[in-house]
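Dear colleague,

I am handing over the structure below, and my notes on it follow. Please read them alongside the coordinates.

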Amino acid sequence: MSRRPQGWPKTLRRWACTPLSCSLAALLALTLGMPALRPLFAALFPELDRPIYQQDSFAALVLAHVSLVAASSAVAIVAGSVLGLAVCRPAGRAFRPLLESLLAMSQSFPPVAVLAVAAPLIGFGEAPALIALVLYGVLPIAQGTLAGLDAVPAATREVAQGLGFAPWQALWRVELPLAAPVILAGVRTSVVINIGTATIASTVGAKTLGSPIIVGLSGFNTAYVIQGAVLVALLAICCDQLFERLQRRLSAWQPTEGAAAETAPPPSAGH
Amino acid sequence: MIEFAQVSKSFDGQRAVDALDLVIPQGELAVLIGTSGSGKSTTLKMINRLVEYDSGTLRFAGEDVRRFRPETLRRRMGYAIQSIGLFPHWTVEQNIATVPQLLNWPKPRIRDRVTELLTLLHLEPEQYRRRFPHQLSGGQQQRVGVARALAADPDVLLMDEPFGALDPVTRAALQDELRRIHALSGKTIVLVTHDIDEALGLAQRIVLLERGRIVQQGSPLELLTRPASDAVRDFIGRSDIGIKLLALERVAARARPGEAATGDPIAAGATLREALSAFVTRGVERLPVIDAQGRPVGTLHFADLLPPAP
């Protein structure tokens with residue numbers, strides 16, 4: 001450590017060897033450098049004429065995949081959290097059981113079936129894929145929102161009200177921050193699943209990292225399947241690690257063993 | 001300061017509070033006491049409109065509480081509860097600053113107020129202001145809860161079994177604290193408890209509730225010497241009313257000044273109950289009395305424990 005040049009910025013050093021930066025580096029390297037692996041795939045699958053998927057560049061596929069996931073997750077996050085919030089308010093409480101069964105239903109449709117129904121109705125391309133992904137992604141987010149808000153202690157709510165918070169102030173400044181780690185856990189699940197599910201959007205003509213997988217499956221080209229699948233997996237891992245960081249930041253106030261040992265007073269009375 | 005006139009409240013057809021008449025004057029420390037289900041918490045929560053009453057009128061500072069916006073009303077009343085309810089994602093400083101912030105006080109003023117309150121509650125400001133609630137002991141958390149209730153210098157302090165979850169030592173320390181704060185600030189305090197000793201030790205007026213009605217109200221001395229009914233006598237503890245009476249008075253009031261005695265002394269500020277304990281455990285009939293500075297001020301005889309003849 002002490003041998004490192006003095007000029008290295010501290011933040012850069014801290015970033016250089018985190019799991020997140022390693023996976024991001026791997027993702028970037030494979031996205032741009034896949035053609036360079038031609039000899040490897042040629043050796044692994046000698047019967048294949050074209051061992052590297054070349055219809056689109058992998059960079060374009062990753063970009064298309066990420067934007068499809070981002071768009072559908074954004075809609076799912078807004079819809080899921082708004083729905084979850086709405087049925088936790090006094091005005092919407094009556095609709096909670098309805099929402100919960102609707103969400104469970106939406107989860108029980110396989111996304112492929114949604115695509116199969118949606119594609120003939122609204123045509124091929126990204127639109128049916130978006131619908132399927134949003135439907136599929138809303139459930140964990142809405143459930144996370146419900147669980148997060150449920151977990152706010154009743155005493156905390158009561159005190160917030162008793163001290164003179166207006167209802168929206170209590171929601172915004174107390175309930176949501178306290179629920180945030182659980183809500184974010186729902187978002188994390190939703191987005192990571194979404195990254196995997198988005199591959200099947202290629203069956204209705206959307207361009208994603210699923211394209212090499214679908215083409216590979218139909219053309220018995222295992223190399224294509226591997227190339228697509230590895231990139232999807234790396235993307236999901238990066239995303240998961242990113243959320244883990246975010247989650248740690250949002251729950252900084254929670255007791256962790258390390259932090260508690262560092263700052264807590266000696267064994268305390270009560271709690 | 002707070003006037004209930006024929007106030008009633010029912011939950012699902014059950015009368016929780018039944019035509020309650022009660023006046024709590026400015027500056028009084030009133031304790032609402034009763035068994036669970038007696039309506040004491042409901043009565044407290046009607047004052048800051050956490051519970052809306054069904055009928056009657058409830059006035060605060062001369063005005064019907066319904067004429068205030070609930071938030072405005074609540075920000076003028078400190079509120080502390082048993083489970084403390086500190087906001088776990090905020091530091092001690094942010095927690096105490098809750099109401100001042102809602103009232104948009106300027107930052108330097110909030111900061112000064114937090115420092116002042118932490119000092120008042122014997123928490124070293126620089127050591128504690130940036131801690132999170134989970135880094136505090138139960139007693140420290142409750143101190144912060146009391147500081148938060150006091151932060152915006154409210155007209156009234158409402159406390160719902162504030163010391164209920166604490167161990168006896170911490171609880172006694174915080175009761176002393178509250179007595180001191182009340183004496184210093186002269187605030188109107190309404191406190192709910194089911195602990196008769198806490199009520200006797202803190203209250204200027206005890207309001208004993210049962211099934212939503214007032215069974216008796218009066219000073220601790222009145223309740224102990226003239227219980228209105230057998231039920232009251234049972235509630236305050238039939239067998240040790242005498243001991244409780246002794247706990248209300250200080251050694252200084254009964255000591256014979258100028259007289260000297262030998263042996264372990266007792267503080268003039270101790271209660272007669274502590275004196276009784278000292279007589280019995282030490283097996284003596286006379287105790288030398290010393291003041292806070294340790295100077296002898298007189299002697300207490302065992303017979304002095306008996307109430308003076310009328």
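The accessible surface of chain A amounts to about 14,400 Å², and carbon and sulfur atoms account for 70% of it; the areas come from the Shrake-Rupley method with a 1.4 Å probe, and for residues only the protein chains shown count as cover. This is a predicted model, in which local features need pLDDT of at least 70 and side-chain atom pairs count only at pLDDT 80 or more, while totals for chains, interfaces and linings use all residues. Residues are numbered from 1 along each chain as its sequence is written, chains are lettered from A and ligands numbered from 1 in the order in which they are written, and side-chain values use heavy atoms, with hydrogens and water left out.

As to the fold, chain A has twelve helices and zero strands, where helices (H or I, at least four residues) and strands (E, at least two) are DSSP runs numbered from the N terminus. The radius of gyration of chain A, at 23 Å, is well over the 18 Å that the globule rule gives for 271 residues, so the chain is more spread out than a compact globule; the radius is taken over C-alpha atoms, and the rule is 2.2 Å times the number of residues to the power 0.38. The C-alpha trace of chain A spans about 75 × 65 × 25 Å along its principal axes. Of its 271 residues, 43% count as buried, which is to say under 20% relative accessible area, with exposed meaning over 50% and partly exposed in between (1.4 Å probe, protein chains only).

Turning to charged pairs, the count comes to 35 salt bridges over all chains, each being a side-chain nitrogen of Lys or Arg within 4 Å of a carboxyl oxygen of Asp or Glu. One of them joins A:D150 to A:R96, with the closest N and O atoms 2.8 Å apart. This pair links distant parts of the chain, since A:D150 lies in helix α7 (residues 126-150) and A:R96 in helix α5 (residues 96-108), 54 residues apart. A:D150 itself is partly exposed, at 45% relative accessibility.

In chain B, the side chains of B:E210 and B:R211 meet in a salt bridge at 3.6 Å, N to O; B:E210 is partly exposed at 33%, whereas B:R211 is exposed at 65%. Another salt bridge, at 3.2 Å, N to O, brings together B:D291 and B:R295, and here B:D291 counts as buried, at 17% relative accessibility. Finally, salt bridges that share partners join B:E93, B:R111, B:E126, B:R129 and B:R130 into one network.
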